[in-house]
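Me: I have a fold to go through with you. Please take the sheet, then the helices.

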Amino acid sequence: MINFEYTRVNSAKAAVAAKSKNVAAQFIAGGTNLVDLMKKGVTAPQRLIDINALPLKDISSDAKGLSIGTLVPNSVAAENKLVLEKYPLLAMALNAGASAQLRNMATVGGNIMQRTRCPYFYDITMPCNKRIPQSGCGAMEGYNRMHAIFGASDKCIAVHPSDMCVALAALNATVVISGTKGEKKIPFANFHRLPGDTPELDNNLQTGELITAVHIPANRFNRSYYLKVRDRLSYAFALVSVAVALEVTDGSIRSASIAMGGVAHKPWRLTEVEKYLIGKSITANVFKEAAEIGMKNAKTYQHNQFKVKMGKSAIVEALTKATS
Ligand code: SF4
């Protein structure tokens, strides 16, 4: 372990001030990803700023929607009455993530900030443009079974590992951020980045900024489902996942919001599928066509070609389960 400094802060303002002073510092809350990264030598923050004492542990709702504080543990959010009643899709996705023990420790903000589980990123003997820019990509010609089929670049083909974020993308959530210039909000769809030429950047958070909450707007969705396909039933990252939220009346789809996980560097919204579904009846043929549209621009690598067929099946099954 490389030595580091440790400090605790009691307010968002103090957290932002501490981080702004030191670009080599990182916030820590549950630490379920960061501590692993430090142990493996993937990252070596000069200072850890412990934000666990911040008053950011509330879940509240009003007519505009639901706010979840950044320090709410994943398990608490998944069992919250408001979440279960109004956003069951989020509860399903949260419960699909990691293990019970990890969900007890991991926070909502940390879930958003977690890094890819690409094995070459964690193996410091291998090249990785995300870990060391311009060093190469071990996965490109390596064992890329878990990797992206949408939005990748010739620098990085990693995927974002979160389940919760896929549901938040489908629910049109907003990330609430505190920084030296005050508070700002970023739509979830714009928070995480595609790798492009800068795969070392996972998201659009600026130096010193702190996620304080996630806001999910009120919606008219009355059918939803989160489907996760993985190598084992628990404690495994998604090969492919699908979050479906639909507004259905009289057997007809009025609005649709669909995102996929395990397929891109960020939660991947299926906007063409969403447009196609509006006004359609709930039939097997409609769902099959939706799956074809959703997967039509997939680009595969040597070991992940199976994800296209799996993705189609997952879209059909998620739509079917949401509407049955
Ligand atoms: Fe690194 Fe991305 Fe390549 Fe994985 S896919 S080795 S994270 S550059």
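Me: How many bridges join strand S6 to S7?
Reply: The model is predicted: local features need pLDDT of at least 70, side-chain atom pairs count only at pLDDT 80 or more, and totals for chains, interfaces and linings use all residues. Residues are numbered from 1 along each chain as its sequence is written, and side-chain values use heavy atoms, without hydrogens and water. S6 covers residues 174–179 and runs antiparallel to S7 (strands are DSSP E runs of at least two residues, helices H or I runs of at least four, numbered from the N terminus; pairing takes at least two DSSP bridges). The number of bridges joining S6 to S7 is six.

Me: Which strands stand at the edges of the sheet?
Reply: The sheet is open, with five strands in antiparallel pairing and the order S4-S5-S8-S6-S7. An edge strand has a single partner, so one side is left without a neighbour in the sheet. Those strands are S4 (59–62) and S7 (182–187).

Me: At what angle do the axes of helix H12 and helix H13 cross?
Reply: H12 spans residues 284–295 and H13 residues 306–323. Axes are lines fitted to C-alpha atoms, for helices over the stretch in contact, and angles run from 0 to 180 degrees between N-to-C directions. The two axes come within 9 Å and cross at roughly 140°.

Me: How do the residues of the contact of H12 with H13 divide?
Reply: Contact means heavy atoms within 4.5 Å. Among the residues that meet are Phe 287 and Met 295 in H12, and Ile 315 and Leu 319 in H13. Ala, Val, Leu, Ile, Met, Phe, Trp, Tyr, Cys and Pro count as nonpolar, Asp, Glu, Lys and Arg as charged, and the others, Gly among them, as polar. The division is eight nonpolar, four polar and four charged.
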